[in-house]
Amino acid sequence: MTYIDTHTHIYGEEFDADRAEVIARAREAGAEALLLPATDWQSTQKIMALCQDYAGYCYPMIGLHPEDIPAEPEAELTAMEQLLETQAAPFVAVGEVGIDLYWDASRRDEQVEVFRRQIGWAVRYDLPLVIHSRKAHRLLCDTLRPAAKELRRGGVFHCFSGSAEEARELLRFEGFYLGIGGVLTFKNCKLPATLAAGVPLERLVVETDAPYLTPVPYRGQRNEPAYVPYVIARLAEVYETTPEEVGRVTTENARRLFGI
C-alpha cells in the first residue's frame with residue numbers, strides 16, 4: 001500500500017531529535033511523499049531547508065495560519081508574496097491558511113482580510129489552497145465563494161470533521177477535497193457516518209497534521225507520517241473496500257491536486 005501524507009508539520013521542534021528516522025519510517029510504511037504546510041515566515045524557512053534536503057520527497061507550502069497572524073502582519077505577508085513572485089521554492093500550495101474562531105474571535109475581521117489576500121495568491125500563482133477552518137464554517141464559505149471560479153486548482157479543507165451538510169456544502173467548491181486524518185479513528189467519532197452518507201472516496205486525501213491528532217492505537221502520543229495507514233484502514237472499513245484501494249485513490253487525488 002502506498003499513500004501521500006498531504007499535511008504534516010515534521011519541520012517542527014517536536015521532531016528535532018529524530019527527524020531522519022521519522023522520514024525513514026514514513027518511507028517504510030509506504031509514504032510516497034510528504035507535504036509540509038507553513039504557518040508563518042519562520043516555518044516557511046524551515047520547510048524550504050527541509051525540502052532541499054529531501055527534494056522529490058518533501059514538498060513545501062507557503063502561508064500564514066490564522067492563529068499565527070502577528071500584530072502587524074504586513075511584513076510577513078510581503079516576504080511570502082515575494083518568495084512566490086520569484087519562485088524561490090517550488091511551492092505546491094498556499095497553506096495552511098483560513099479562519100479560526102475557536103480560541104479567540106476578537107481578530108475575526110483581520111483573519112478574513114489575511115485569508116482573502118492569500119486566496120488571491122492561489123489565484124495569481126495558480127496554486128491549490130490548503131484551508132484551516134475551526135468554528136468558522138459559514139464565514140469561511142462566504143469568504144471563499146466569491147473567488148471560487150478563479151481557483152482553478154482547487155484545494156483541501158484540512159482536518160475535516162464536520163457534519164454531512166457541511167461536507168456537501170464544501171464539496172460544491174469544484175476541485176476541493178476533504179483532508180481526513182486521525183480523528184476518523186477516535187471512539188464515538190461521527191465522521192465515519194458522515195463520509196458514508198455521501199462523500200465519494202474520490203474527493204478525499206489523507207493526512208496526519210503531525211505531531212497532532214494521532215490515530216488510534218497511538219492516540220496521546222506524537223503523531224507521524226508512518227501512522228497514516230491506520231487512517232487508511234478505517235477508511236477502507238467505511239467504504240467497504242481494501243486499504244490498497246483507498247491508498248491508490250487518495251494518492252491519485254493528491255498527485256492530481258498538488259501536481260507531484
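**Reading a predicted model, feature by feature**

Trainee: How far is the sulfur of Cys141 from the closest cysteine sulfur, and in which residue is that one?

Mentor: The closest sulfur is in Cys159, 16 Å away, too far for a bond. Keep in mind that this is a predicted model.

Trainee: What about Cys51: which cysteine has the closest sulfur?

Mentor: Cys58, and the separation is 5.4 Å. A disulfide needs the two sulfurs within 2.5 Å, so the Cys51 sulfur is too far from its closest partner for a bond. The disulfide count for the structure is 0.

Trainee: Are Cys51 and Cys141 buried or exposed?

Mentor: Buried means under 20% relative accessible area. Cys51 has 9%, so it is buried. Cys141 has 0%, so it counts as buried as well.

Trainee: Next, rings. How many aromatic pairs does the structure hold?

Mentor: There are 7. One of them joins Phe157 and Phe173. Their ring centres are 6.0 Å apart, with 55° between the planes, and the pair is tilted.

Trainee: Where in the chain do Phe157 and Phe173 lie?

Mentor: In distant parts of it, 16 residues apart. Phe157 belongs to strand β6, residues 155-157. Phe173 is in the loop between α6 (164-170) and β7 (176-180). Both of these phenylalanines are buried.

Trainee: Which residues form one aromatic cluster with Phe157?

Mentor: Phe173 and Phe176.

Trainee: Rings can also face a charge. Which residue has its charged end over the ring of Tyr102?

Mentor: Arg134, with its charged end 3.6 Å from the ring centre. A second case is Arg219, which lies over the face of Phe186, 3.6 Å from the ring centre.

Trainee: How do I read the buried positions of a helix?

Mentor: An α-helix has 3.6 residues a turn, so residues three or four places apart point the same way. Now take α8, residues 228-238. Its buried residues are Val228, Pro229, Val231, Ile232, Leu235, Ala236 and Val238. They cover an arc of only 165° around the axis, so they sit on the same side of α8.

Trainee: What do the buried residues of α8 pack against?

Mentor: Strands and helices both. The strands are β1 (3-5), β7 and β8 (204-206). The helices are α1 (19-29), α7 and α9 (243-258).

Trainee: Which residue does a cis peptide bond join to Gly95?

Mentor: Glu96, with omega about 20°. Glu96 lies in strand β4, residues 93-100. Another cis bond joins Ala210 and Pro211, where omega is about 15°. Pro211 is in the loop between β8 and α8.

Trainee: Which residues are in contact with Thr185, leaving aside neighbours within four places in sequence?

Mentor: Pro215, Val216, Tyr230, Val231 and Arg234. One of them, Val231, is among the buried residues of α8.

Trainee: Let me try Tyr54. Where is it found?

Mentor: In the loop between α2 (41-53) and β3 (58-62). At 22% relative accessibility, Tyr54 counts as partly exposed. Beyond neighbours within four places in sequence, Tyr54 is in contact with Ala20, Ile23 and Arg27.

Trainee: How far is the C-alpha atom of Tyr54 from that of Glu32?

Mentor: The separation is 12 Å, for residues 22 apart along the chain.

How values were computed:
Residues are numbered from 1 along each chain as its sequence is written. This is a predicted model: local features need pLDDT of at least 70, side-chain atom pairs count only at pLDDT 80 or more; totals for chains, interfaces and linings use all residues. Side-chain values use heavy atoms; hydrogens and water are left out. Rings of Phe, Tyr and Trp (its six-membered ring) pair if their centres lie within 6.5 Å; planes under 30 degrees apart count as stacked, over 60 as edge-to-face and the rest as tilted. Helices (H or I, at least four residues) and strands (E, at least two) are DSSP runs, numbered from the N terminus. Buried means under 20% relative accessible area, exposed over 50%, partly exposed in between (1.4 Å probe, protein chains only). A charge sits over a ring if NZ of Lys or CZ of Arg is within 6 Å of the ring centre and within 35 degrees of the ring normal. Contact means heavy atoms within 4.5 Å. The arc is that of the directions from the helix axis to the C-beta atoms.
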